[in-house]
Amino acid sequence: MSEIKILTIEHADIYRSLRLEALKNNPEAFSSSYEEEVVLPLSVYEKRLQSTETYIFGAFSDNRLVGTVTLVKESKRKLQHRATIFAMYVSQESRQKGIGKSLMVNALEKARNLKTIEQIYLTVVTENHTAKSLYELLGFQVYALERKALKINDHYYDEEHMVCFIT
C-alpha cells in the first residue's frame, strides 16, 4: 500500500533522485533530458517544491518515494480555469500496483478543490498505451495529435494532447 502526499522542500533530495531515474529510464516520456537535469543543483528542485502554482504529489511505499505527478495551475488571468499535469512517473518495480492511478486521483481531487480549475491538460506519448488507458479511465480525452513532438537521438515520438473537464 502506498501513501500519497504533496512533496515539500524537505523532499527535494529524494524527489531529485526519482526525477533523474525517470529521465534515465523513460526519456521518451519527458521533454526534459537526464543530461540537462543531472547538472542542476538541488536548489532548483527545492524551488520547484516551493512554488505556489505547482503541486508535486509523491507516492511513498515503505517510506520510499516510488512515484510522482505534478499539477501546475495557470497563473494568467484568462487561463486561471486551467491546469496541466506534468512529469507522471512510477518506478519500474512499483508499477501495476495502482500507484499511478492514486497519484492521478489525488492530483484531480486537488484541482477540483481549488475551485477555479475547470479543465486539466496533459500530453502522452502515443506508444505509452498503459498511461493513455489510465488517463482515459479518469476522464481525459484526446483533442490533438502532435507528430514528431520529441526527438531522441534519431527517433521521433508522437504525442497526444488530452483534456479532462472537471466541472
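In the predicted model, residues 24 or more positions apart supply 59% of the contacts in the protein chain with a separation of 6 or more. The radius of gyration of the protein chain is 15 Å, which agrees with the value near 15 Å that a compact globule of 167 residues would have. Along the principal axes, the C-alpha trace spans about 40 × 35 × 35 Å. Buried residues make up 42% of the 167 residues of the protein chain. The accessible surface amounts to about 9600 Å², and carbon and sulfur atoms account for 47% of this area. With regard to charge, the protein chain carries 22 positive and 22 negative side chains, and a distance of 5 Å separates the centres of the two sets.

The protein chain contains five helices and seven strands. In sequence order, these elements follow the pattern β-α-α-α-β-β-β-α-β-α-β-β.

Strand β2, which comprises residues 54–61, is mostly covered, with seven of its eight residues buried. Strand β2 is joined to strand β1 (residues 3–6) by four bridges, and the two strands run antiparallel. Within this pairing, E3 has F60 of β2 as its bridge partner. Strand β2 is also joined to strand β3 (residues 64–73), in this case by eight bridges, and this pair likewise runs antiparallel. Strands β2 and β3 form a hairpin with two residues between the strands. In this hairpin, D62 adopts a positive phi near 50 degrees. S61 is placed opposite R64, a residue of β3.

The relative accessible area of T84 is 15%, and because the limit for a buried residue is under 20%, T84 is classed as buried. When residues up to four places away in sequence are not counted, T84 touches T70, L71, V72, E74 and Y121.

Methods. Residues numbered from 1 in each chain as written. Predicted model: local features only at pLDDT ≥ 70, side-chain atom pairs only at ≥ 80, totals over all residues. Heavy atoms only, no water. Buried < 20%, exposed > 50% of the residue type's maximum accessible area, 1.4 Å probe, protein only. Pairing = 2+ DSSP bridges. Rg over C-alpha atoms; globule rule 2.2 N^0.38 Å. Contact = heavy atoms within 4.5 Å. Areas by Shrake-Rupley, 256 points an atom, 1.4 Å probe, with all protein chains shown as cover. Lys, Arg positive; Asp, Glu negative; His and termini not counted. Charge placed at Lys NZ, Arg CZ, Asp CG, Glu CD.
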